[in-house]
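Please read the points below with the sequence and the structure side by side.

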Amino acid sequence: MTEETPGFEEEPDVPSGATSDDAEPKAAAPSEEEAAAAPAGDANETTALTAQLDQARSALNERTGDLQRLQAEYQNYRRRVERDRVTVKEIAVANLLSELLPVLDDVGRAREHGELVGGFKSVAESLETVVAKLGLQQFGKEGEPFDPTVHEALMHSYAPDVEETTCVAILQPGYRIGERTIRPARVAVAEPQPGAAPAAAKEEKADDEESGGGEEV
């Protein structure tokens with residue numbers, strides 16, 4: 001029986017010609033393929049992140065475009081609604097005033113005959129004030145050129161003292177609201193006499209005769 005000496009441990013057998021450092025395992029050095037694969041992996045990751053960023057930017061641009069189109073459509077909708085609201089109001093006012101035109105005609109005839117007196121006069125003037133505030137305007141005067149867009153000719157004649165078709169009498173005044181004609185003015189018109197020289201030409205001819213008559217031959 002062999003006795004072990006206390007305080008000493010047995011050393012592992014080391015092959016002859018080898019040092020103690022060789023006995024310890026060494027960390028495996030990275031191969032050339034692994035060293036080349038590391039930068040390639042970083043480049044792939046960068047490319048993937050760039051692609052994702054481009055996709056995010058593209059999606060953001062699309063959403064921004066959608067928002068801008070939606071805002072433009074909303075603004076157009078608001079303008080259309082406001083325009084329709086104004087149009088409906090104008091039509092409603094025009095319809096109301098159209099119903100009052102016969103009353104205004106009666107007021108006008110009463111004024112022409114001197115019958116607009118007393119309480120009737122106050123009521124008539126109040127009515128005229130109200131319709132004027134609503135934008136009603138009367139038009140049609142004697143002596144103005146005939147315009148078929150705002151005049152309705154009920155009577156026709158010839159006159160030697162007119163140079164164009166002229167309104168010589170207002171049978172019923174016209175009314176408008178802004179640019180909208182509610183009722184055309186009903187008038188009597190006169191045209192130049194067929195074959196008659198215009199008044200301006202007659203005056204010019206008379207002047208020439210007077211100036212010629214004063215010259216000595």
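This is a predicted model: local features need pLDDT of at least 70, side-chain atom pairs count only at pLDDT 80 or more; totals for chains, interfaces and linings use all residues.

1. Residues are numbered from 1 along each chain as its sequence is written, and side-chain values use heavy atoms, with hydrogens and water left out.

2. The overall layout comes next. The protein chain has 4 helices and 6 strands, where helices (H or I, at least four residues) and strands (E, at least two) are DSSP runs numbered from the N terminus. Read from the N terminus on, the order of the elements is α-α-α-β-β-β-β-β-β-α.

3. How much of the chain is buried? Of the 217 residues in the protein chain, 14% are buried, a word that here means under 20% relative accessible area, with exposed meaning over 50% and partly exposed in between (1.4 Å probe, protein chains only). The accessible surface of the protein chain comes to about 17,300 Å², and carbon and sulfur atoms account for 53% of that surface; such areas come from the Shrake-Rupley method with a 1.4 Å probe, and for residues only the protein chains shown count as cover. Among contacts in the protein chain with a separation of 6 or more, 66% join residues 24 or more positions apart, a contact being heavy atoms within 4.5 Å.

4. Now to the pocket itself. Rolling a probe the size of a water molecule over the atoms shows where empty space is left. On a 1 Å grid over the protein atoms alone, a pocket is an open set of points where a 1.4 Å probe fits, with protein on both sides within 12 Å along at least five of seven lines, and lining residues have an atom within 4 Å of a point. The largest pocket holds about 410 Å³ of space, a volume being the space filled by probe spheres set on the points, which are joined across faces, edges and corners.

5. Which residues lie nearest the centre of the largest pocket? Of the 18 residues that line it, these are Leu104, Gly108, Gln138, Pro173 and Tyr175. Helix H2 (32-112), helix H3 (118-133), strand S1 (136-139) and strand S3 (166-172) each supply at least two residues of the lining, and the largest share, 7 residues, comes from H2. Gly108 has its place in helix H2 and is partly exposed, at 25% relative accessibility. The C-alpha atom of Gly108 is separated by 9.4 Å from that of Gln172, which is 64 residues away along the chain.

6. Side chains of opposite charge can pair when their charged atoms come close. With a salt bridge taken as a side-chain nitrogen of Lys or Arg within 4 Å of a carboxyl oxygen of Asp or Glu, the count comes to 9. In helix H2, Asp66 and Arg63 are 3 residues apart, or about one helical turn, and their side chains meet in a salt bridge at 3.5 Å, N to O. Arg85 and Glu82 also lie 3 residues apart in H2, and the closest N and O atoms of their salt bridge are 2.5 Å apart.

7. Where do the partners of the salt bridge between Glu152 and Arg186 lie? Their side chains meet at 3.4 Å, N to O. Glu152 is in strand S2 (residues 151-159) and Arg186 in strand S6 (residues 185-192), so the pair ties together parts that are 34 residues apart in sequence. Glu152 is partly exposed at 32% relative accessible area, and Arg186 is partly exposed at 28%.

8. Two further residues of strand S6 deserve a look. Ala185, found in S6, is buried, with a relative accessible area of 0%, and its contacts beyond four places in sequence include Phe139, Gly140, Val150 and Pro173. Pro192, also found in S6, is partly exposed at 29%, and its C-alpha atom is 6.1 Å from that of Glu164, 28 residues apart in sequence.
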